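Here are my notebook entries from an afternoon of looking things up. Have the viewer open and follow along.

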Amino acid sequence: MAESGSGPTEVIEQLRLEFVDEVAETLRELDVALDAARHGRAELGPIITECRRAAVTFRGQAANFAMHRLSAVAHRMEEYLANAPAVAPPRLWDDLDGYFDLMLKLVEGRAGANQGDPAALVRTLPPKLGFNLADIEIRAVEVLLVMPHGTQTRYVERELQQCGYRVSIVPDSLQAFPVVVQTKPDLVIISAMMPALEGIDLAVGLSAMPSTRNIPLAVITSLDPDDDSLKHLPKRVPVLFKGPSFGDDLFRALDSLFLI
């Protein structure tokens, strides 16, 4: 007897098409709301919250459907808005218009050839809000922090931003694997102690995989320099120790990796 109904492939494709329609509709609604805020007809704060909520949803579901470029761009929009000030800076409107337009092109299959590679695509996106760009030259250097959100991570981020680097954060070591593979950052700094998968294991794995072994890595830790777990790291992976020596360790690491 022939099986009735749709097979797994057809069901997945139907769900993907429904997701595509949902993304397109949400982006158009957000664009209308953003235009209202731009002209003083609505408050900006709630709209920023909705944009961040949409970005988180898009990122996760796009990854489920192997829509890697959309997932990467949604992740960057979420980060772009993470430190959005109460008063919109002049560039906010054009930046968000650009994010909306790019994601709509990606989800509708209208992206050009120069938008095919996630690693190249993320480098075209605007740097995140929340620090003064006036006297900082933004460099074409992508740094990924695999660290839990917190004061220490924010401090490391600010240090790197002051060097003009474009910094993104992934707080989960398991989630970091596909992000590194897809976006090919110029440097990955990994916290040694992470839930689910230890940062040292992640560093060892990335160093061994053919697709990522040439990406510069560094590990940040509060462990003692003689701790046995650090001995598993490849010798070419510098270790940044939390504390008074951190700034010097970071400078030496960037220098050894030819990033300054």
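For me, buried means under 20% relative accessible area with a 1.4 Å probe, protein chains only. Helices are DSSP runs of H or I of at least four residues, strands are E runs of at least two, and both are numbered from the N terminus.

Some housekeeping: this is a predicted model, so I kept to pLDDT of at least 70 for local features and 80 or more for side-chain atom pairs, while totals for chains, interfaces and linings use all residues. Residues are numbered from 1 along each chain as its sequence is written, and side-chain values use heavy atoms, without hydrogens and water.

**Entry: α8.** I listed the buried residues as G199, I200, L202, A203, G205, L206 and S207. They pack against β1 (142-146), α7 (173-183), β3 (187-191) and β4 (217-221), where contact means heavy atoms within 4.5 Å.

**Entry: domains.** The domain assignment, which is automatic or from a database, gives domain 1 (8-124) and domain 2 (142-257). Their C-alpha centres lie 27 Å apart. I count 13 residues from domain 1 and 13 residues from domain 2 in the contact. About 1,000 Å² is buried between them, with carbon and sulfur atoms giving 39%; this is the accessible area (1.4 Å probe) that the two parts lose on being put together, summed over both. On the domain 1 side, R76, E79 and R123 lose the most area, together 45% of what that side buries.

**Entry: cores.** A nonpolar core here is a set of buried Ala, Val, Leu, Ile, Met, Phe, Trp, Tyr and Cys residues joined through side-chain atoms within 4.5 Å. The largest has 39 residues, and M77, L81, L92, L96, F100 and M103 touch the most other members. Helix α4 supplies the largest share, 10 residues. Leaving out neighbours within four places in sequence, I see L96 in contact with L34, I48, M77, Y80 and L81.

**Entry: D95.** D95 sits in helix α4 (residues 91-107) and is buried, at a relative accessible area of 14%. Its side chain makes a polar contact with the side chain of Y80 at 2.7 Å. A polar contact is a pair of N or O atoms within 3.5 Å; within protein, one must be able to donate a hydrogen and the other to accept it, and residues adjacent in sequence count only if both atoms are side-chain atoms.

Notes:
Buried < 20%, exposed > 50% of the residue type's maximum accessible area, 1.4 Å probe, protein only.
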